[in-house]
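Hi everyone, thanks for coming.

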Amino acid sequence: MMTLFTFPKKEISKGFTLLFSFIIVMVCFSFTESYSQKASSLEEYLKEEGEKNTDFLRSLVYDNVSTIIISDSKTQIVGEGFPQKVSTDINSIPTLGSGNNIFRTVKLLQINLGIDSEKSGLRINPENLKGFSNLAFILIHSEIPLTSEDVESMVTGIEEGDIVLLYQVNSNF
């Protein structure tokens, strides 16, 4: 019987080796996908998660809960009980990394941006959050236009699912 294609055994072996190597490399790259933190707008997140699942977050953002306010590196506690929220400006970010025990009960970190230059200067990483043992949400509250990509570039070293990363833009543009 005559075949249309005849391959020497060495070439078939090399072909399978190359194909097998290619498949292994592709599988490895698919597992090394970046699991960086994804950002959502606050409104989208509240809508997607539903009212029952976001009551606590709504309370932290919109109600008067015990809050630590840090502005120009000066700390003030507003409200009674253990603080649930920190509201800070970009200039006070280094204060957050102090490992201060006051941050241990905080669930929401709100960082306020007011001018365009602050957007490019904001960088948050796990070193900034040493004392936040119960942190669940980071909210970037901005007076300037922001995209989810902008916010994602501000946060490094925090894996998806560890902390929910949100942003809210309030302005008149």
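So, how are helix 2 and helix 3 oriented to each other, roughly parallel or roughly antiparallel? Before I answer, a word on the source: this is a predicted model, where local features need pLDDT of at least 70, side-chain atom pairs count only at pLDDT 80 or more, and totals for chains, interfaces and linings use all residues. Residues are numbered from 1 along each chain as its sequence is written, and side-chain values use heavy atoms, with hydrogens and water left out.

Now the answer. The two helices pack at an angle of about 155°, with axes 10 Å apart; axes are lines fitted to C-alpha atoms, for helices over the stretch in contact, and angles run from 0 to 180 degrees between N-to-C directions. Helix 2 and helix 3 are therefore roughly antiparallel, the term for angles over 145 degrees. Helix 2 contributes Leu-42, Tyr-45 and Leu-46 to the contact, and helix 3 brings Leu-57, Arg-58, Val-61 and Tyr-62 (contact means heavy atoms within 4.5 Å).

Let's stay with helix 3, residues 55-62, where Leu-57, Leu-60 and Val-61 are buried, meaning under 20% relative accessible area with a 1.4 Å probe, protein chains only. Down the helix axis, these buried residues fall within an arc of 95°, so they line one face of helix 3; the arc is that of the directions from the axis to the C-beta atoms. Their packing partners are helix 2 and strands 4, 5, 6 and 7.

Zooming out, the protein chain has 6 helices and 7 strands, which are DSSP runs numbered from the N terminus (helices H or I, at least four residues; strands E, at least two). Of its 173 residues, 35% count as buried.

Key
Buried < 20%, exposed > 50% of the residue type's maximum accessible area, 1.4 Å probe, protein only. Parallel < 35°, antiparallel > 145°, perpendicular 65-115°, else oblique.
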